[in-house]
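Here are a few exercises to work through with the model open on your screen. Try each task before you read its solution.

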Amino acid sequence: MSSPSRPAADNADDATAPADSDKLTMSMVQAINSALDCTMAADPTVLVMGQDVGFFGGVFRCTEGLYDKYGPHRALDTPITEGGIVAAAIGMGVNGLRPVVEMQFADYIYPAIDQIISELARLRHRSGGEYFAPVTIRAPCGGGIRGGQTHSQSPEGIFTHVCGLKTVMPSSPYDAKGLLISAIEDDDPVMFFEPKRIYNGPFHGHDNNGGSGSWSEHPLGQVPAGHYRIPLGKAATIRAGSQVTVLAYGTMVHVAAAAIRASGIDAELLDLRSLLPLDIEAVAESVQKTGRCVIIHEATRTSGYGAELVAEVQENCFWQLRAPIERVTGWDTPYPHAFEWEYFPSQRRIIEALQRTLAYH
């Protein structure tokens, strides 16, 4: 079963996109490393900081080589104190730097919550626009690597609730680089969640731990070597369709694409890419066309990001809806050590949701 292909027109909104001849084959880890390298080379105020991001190159090697190229003052190793890391980054941001913080795992972000929510998110508003801190916080998220409950969480929904933050999650190396460059160059703080299940290879959306392979055989692994941006707040159409709209992001884009192929249903698949700001125009245009909507995310269901999407779709598309909006999510339980592929929204659960929504006439 092949991975989802992306129509060439999807990146037409990116005026800075280089020509195809300039593209290299990269994994998502390499694309993130390239984004950091590009921005650090172009702007001396950009630096990376976090646990083991310097000499070691990061727990997933996303910062590999930056210590040798830019030195210990721009590839900065920190103590194990997430709140202190974010606090230091805020101070740097106020004083003219653009820190890129790496949380080793999104699960470790909770000790930094007070600094992120109470300080970083509010700074521009608290100072009446006099001060701002352009801090990007990168966080490997999600499961599928047998990481257990302390290395597999998807907390993105928490941060979409916080005014003053932007929240992003890519699903491909191309998007990861273009979105990360936009995040670093943005004057507002950005939470950048990286689905580690697809860090090192394409994921074909199977309901088990198989399905990975080399990005060298994968069209989405073609990434421009130089600088380009993908605007925050712009969704991408992965697959056009007429019967139902499927909204997904991160790893779930690949699971949804596999389920659509297996179902034979003519579904339109949107990769949201940016959760806040949300591309509500693209969402509404698609749902108003199909009249049906299925929302998929890996995080738990109750008060998850899908609930916000349900509200947005209902408010913008009520008169065009032909069926109740469906949600397919992770279960409302701490992430399991075992049976994590039972926790994941599976092809089977997505196909059943597609069939239920099409049963309404």
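Two strands pair if DSSP finds at least two bridges between them; strands (E, at least two residues) and helices (H or I, at least four) are DSSP runs, numbered from the N terminus. Before you start: this is a predicted model, where local features need pLDDT of at least 70 and side-chain atom pairs count only at pLDDT 80 or more, while totals for chains, interfaces and linings use all residues. Residues are numbered from 1 along each chain as its sequence is written, and side-chain values use heavy atoms, with hydrogens and water left out.

**Exercise 1.** Find the residue that stands opposite Thr 245, then place its strand in the sheet.

Step 1. Thr 245 has Cys 293 of S13 opposite.
Step 2. S10 (residues 244-248) and S13 (residues 293-300) run parallel and are joined by three bridges.
Step 3. Zoom out, and you get an open sheet of five strands with mixed pairing, in the order S9-S11-S10-S13-S14. S9 (236-239) and S14 (326-330) are the edge strands, each pairing on one side only.

**Exercise 2.** Describe the surroundings of Gln 314: which helix holds it, and what does it touch?

Step 1. Gln 314 sits in helix H10 (residues 305-317).
Step 2. Its relative accessible area is 35%, so call it partly exposed.
Step 3. Contact means heavy atoms within 4.5 Å. Leaving aside neighbours within four places in sequence, Gln 314 is in contact with Leu 321 and Ile 325.
Step 4. Gln 314 and Ile 325 are 11 residues apart along the chain, with their C-alpha atoms separated by 8.3 Å.

**Exercise 3.** List the residues through which H3 and H4 meet.

Step 1. From H3, take Gly 83, Val 86, Ala 87 and Ile 90; from H4, take Gln 115, Ile 116, Glu 119 and Leu 120.

Key. Buried < 20%, exposed > 50% of the residue type's maximum accessible area, 1.4 Å probe, protein only.
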